[in-house]
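Thanks for coming. Please keep the viewer open while I talk.

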Amino acid sequence: MDDRWIRWPQQTTAGRDRLVGFGGDYNPEQWDESVWREDARLMVEAGVNLVTVGVFAWSALQPAPDRWEFGWLDRVMDLMADHGIAVDLATATASTPSWVTTLHPDVLAVDRFGHTMAQGGRQAWSPSSRVYRRLSLELVHRMAERYGSHPALALWHVSNELGGHNAHCYGEEAARAFRTWLRERYGDSIQRLNDAWQTLVWSQRYADWEEIQPPRATFTDPNPSQLLDFERFSSDQLRAQLRAEAAVLRRATPDIPITTNLILFDAGKRMAYSTWTDDLDIVSSDHYLQPVRDAHPEAEFSADRARGLADGRPWMLMETAPGQTSWRRVNPAKRSGQLRRDVFSYIARGSDTVCFFQWRAARAGAERFHSAMLPHGGPDTDAFRDVVALGRDLARCAELAGSVVEADCALVLSEESWWALERADHPHNGLSATETLLAWHRALTDLGATVDVVPPTADLGRYPLVVVPQLYLVDDADAERIAAVARDGGTVVIGSFSGIVDEFDHVRLGGYPGAFRDLLGLRVEQFWPLLDDETVVLDGLGTDGRARRWAEVIATEGARVEATLLDGDLAGGPAVTRMRHGETGSAWYVGAELDGDSLGALFRRILADQGLALPLVSSPALRVVTRVSTDGDRFHVLINHSGVDETVVADGTDLLDGSSHAGTVTVPAGAVRVLRGSLSREPLAAVTAG
Ligand code: GAL
């Protein structure tokens with residue numbers, strides 16, 4: 001057996017060659033052992049250097065309460081070590097064996113209608129189950145003891161997509177745990193809870209903790225403050241599982257890094273990941289693109305969020321699909337060149353790893369039609385050849401590993417505000433934080449800016465520009481942190497219906513947007529939700545833009561009007577304002593939901609007005625992101641999403657094809673380049689004209 005250790009993240013291991021991680025979920029327990037040798041051989045052929053093993057292996061490892069079968073996993077670990085492939089070893093706690101739920105039915109999660117989930121799918125356990133906690137930690141302990149010093153072990157993978165299906169449990173044990181959590185939060189004072197939930201509304205007042213339930217199904221919408229606390233509690237319960245598993249692992253193997261794969265889109269909205277990252281040695285993310293043409297802006301958003309959660313450090317793309325998924329209504333295959341462009345969208349934005357679900361396509365089970373690195377057709381397929389080519393590409397980019405992304409600005413995303421906005425009982429119940437966040441992120445990215453997507457608790461002071469697309473709910477501390485950016489000479493841009501409620505979802509009184517009135521120098525007198533077929537023409541942004549869904553009656557109190565509503569009931573009223581702070585500080589307010597063109601025009605003006613370096617502007621279809629190594633090497637990842645060639649002003653060597661460039665670099669239609677060298681942020685036309 002090869003005794004070399006392969007550690008992740010690679011750059012933390014002194015003296016080792018750099019490496020971009022490449023591989024995927026490997027589920028050998030679903031196959032006859034005779035297949036494993038072929039797996040290992042083809043993994044080597046594809047350049048695979050990292051596999052995640054054991055995610056759903058609990059029932060194979062512990063088929064009965066007192067029976068442990070580690071032999072097969074021993075052989076898999078040895079096989080991987082023999083082939084120089086590192087293992088991201090799952091703790092295998094993601095899905096319980098059926099003996100667990102047969103012996104302990106209370107482990108099963110319950111939905112808000114009181115339906116108990118059944119064994120037979122996956123992740124059916126309640127995050128509040130103490131039996132589950134005990135049994136899962138016993139498994140983790142055995143895994144750590146048995147494999148802690150195995151040469152293939154590179155990284156621990158706690159559970160899998162914690163909360164992906166079972167984030168909210170409404171059963172009796174969860175209710176008890178919720179009460180305990182609330183007692184702690186409210187200092188054991190039922191009066192404080194009644195105040196926080198304003199329980200005199202609709203006669204909900206509680207006299208005793210035992211009366212409190214999780215927000216189970218009700219005829220009307222439940223108490224929003226109760227909902228919010230339940231969401232916080234639910235995220236904390238999952239984090240507690242992460243912490244408990246991590247504690248066992250750290251005791252046994254203090255030198256092995258720990259991750260858990262976060263879901264940075266879709267179901268991941270249910271978790272307050274920004275409160276989890278302290279427990280991780282490296283952030284890893286799963287992202288499955290929506291089945292739409294040109295989905296790359298979503299990949300970019302999710303990657304920028306992973307980097308924001310990682311506080312700028314390199315992170316891991318732990319799962320994505322090499323081709324189609326199988327759980328959406330239509331699951332399109334990737335078009336020619338798309339795999340490469342998608343994968344480099346994550347690499348450009350700070351991932352040091354590209355892993356897929358999964359290595360070998362399943363022949364059975366719910367995911368038998370999900371794409372894999374090795375498809376049903378075997379190695380003699382274009383799909384596998386693309387994977388092999390990708391492995392070669394990533395190997396050529398090894399020196400990129402460990403470098404950090406150079407960002408131009410920050411976009412603030414608050415998980416709690418996201419929860420609070422995207423539920424009922426608002427002036428417009430079609431507002432979508434998701435859509436707003438994506439639209440603002442895309443407008444900046446289309447201009448060439450690189451955007452860190454960060455929680456409000458991040459160090460915002462290090463960015464010259466901070467945009468806050470949607471922050472309906474904000475506490476005083478976060479509001480103050482955002483205001484400080486403008487007061488200290490930076491630029492803040494805040495979107496409509498932000499700063500409206502405090503951390504209990506209580507409206508801030510005295511005029512909207514309570515948390516930001518002074519910062520923005522205005523008062524919103526009246527929300528003006530627009531009907532579905534209504535739009536309002538905007539004036540002052542230099543485009544034929546329109547607002548839809550949302551406008552406001554705004555009275556300025558010091559702010560200058562930068563754009564107005566041109567028609568409709570509010571004609572002549574402000575749509576965009578700007579309040580100056582000191583010599584250079586500015587706080588902009590966008591009091592209507594702008595379309596993409598208007599947002600683009602607005603950000604172009606803001607960047608120019610503030611004297612911020614205008615990022616590279618060639619075509620929005622050409623994405624350019626720069627990563628910088630500790631030695632000062634600059635790597636520019638250029639991805640051309642268009643059907644025409646694009647040229648930029650740059651010198652350097654393309655790591656992918658070894659070509660050298662002086663003066664200009666052309667990125668052919670649909671192609672990717674990773675250029676080590678220098679690159680001008682000016683568009684080619686400007687440089688040649690000058
Ligand atoms: C993820 C999950 C994987 C696999 C994949 C398919 O959410 O972690 O186990 O199911 O989706 O897209």
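Before the first number, one term: a cavity is a set of grid points where a 1.4 Å probe fits but cannot get out. Its volume is the space filled by probe spheres set on those points. Keep in mind that what you see is a predicted model.

Searching the whole structure gives seven cavities of 30 Å³ or more. Which residues line the second largest cavity? They are F56, A94, R122, Q123, N160, E161, G164 and H165. Sorted by class, that lining has two nonpolar, four polar and two charged residues.

Now the domains. The assignment for this chain lists domain 1 (8-168 + 236-402), domain 2 (409-611) and domain 3 (615-683). Between the centres of domain 1 and domain 2, taken over C-alpha atoms, there are 37 Å. At the contact between these two, 18 residues of domain 1 meet 19 residues of domain 2.

Next, the nonpolar cores. The largest has 98 residues, and the members touching the most others are L73, M80, L89, W156 and F344. Domain 1 (8-168 + 236-402) and domain 3 (615-683) each supply at least three residues to this core. There is also a second, separate core of 78 residues, with I482, I494, A601 and I606 among them. Going back to M80, what does it touch, if we skip residues up to four places away in sequence? The list is Y26, A40, M43, V51, I85, V87 and A152.

Find L228 in helix α8, residues 224-252. Is L228 buried or exposed? It counts as buried, because its relative accessibility is 0% and the cut-off for buried is under 20%. Leaving out neighbours within four places in sequence, L228 is in contact with E416, W419, A420, R423, L473, E503, F504 and D505. Take F504 from that list: L228 and F504 are 276 residues apart along the chain, yet their C-alpha atoms are separated by 7.6 Å.

The other residue is R349, in the loop between α10 (338-348) and β9 (351-356). R349 is buried too, with a relative accessible area of 2%. With neighbours within four places in sequence left aside, the contacts of R349 are E300, A303, D304, R307, W315, V405, T445 and V625.

That is the end of my part.

Conventions: Residues are numbered from 1 along each chain as its sequence is written. This is a predicted model: local features need pLDDT of at least 70, side-chain atom pairs count only at pLDDT 80 or more; totals for chains, interfaces and linings use all residues. Side-chain values use heavy atoms; hydrogens and water are left out. A nonpolar core is a set of buried Ala, Val, Leu, Ile, Met, Phe, Trp, Tyr and Cys residues joined through side-chain atoms within 4.5 Å. Buried means under 20% relative accessible area, exposed over 50%, partly exposed in between (1.4 Å probe, protein chains only). Domain bounds come from an automatic or database domain assignment. Contact means heavy atoms within 4.5 Å. On a 1 Å grid over the protein atoms alone, a cavity is a set of points where a 1.4 Å probe fits but cannot get out, and a pocket is an open set with protein on both sides within 12 Å along at least five of seven lines; lining residues have an atom within 4 Å of a point. Ala, Val, Leu, Ile, Met, Phe, Trp, Tyr, Cys and Pro count as nonpolar, Asp, Glu, Lys and Arg as charged, and the others, Gly among them, as polar. Helices (H or I, at least four residues) and strands (E, at least two) are DSSP runs, numbered from the N terminus.
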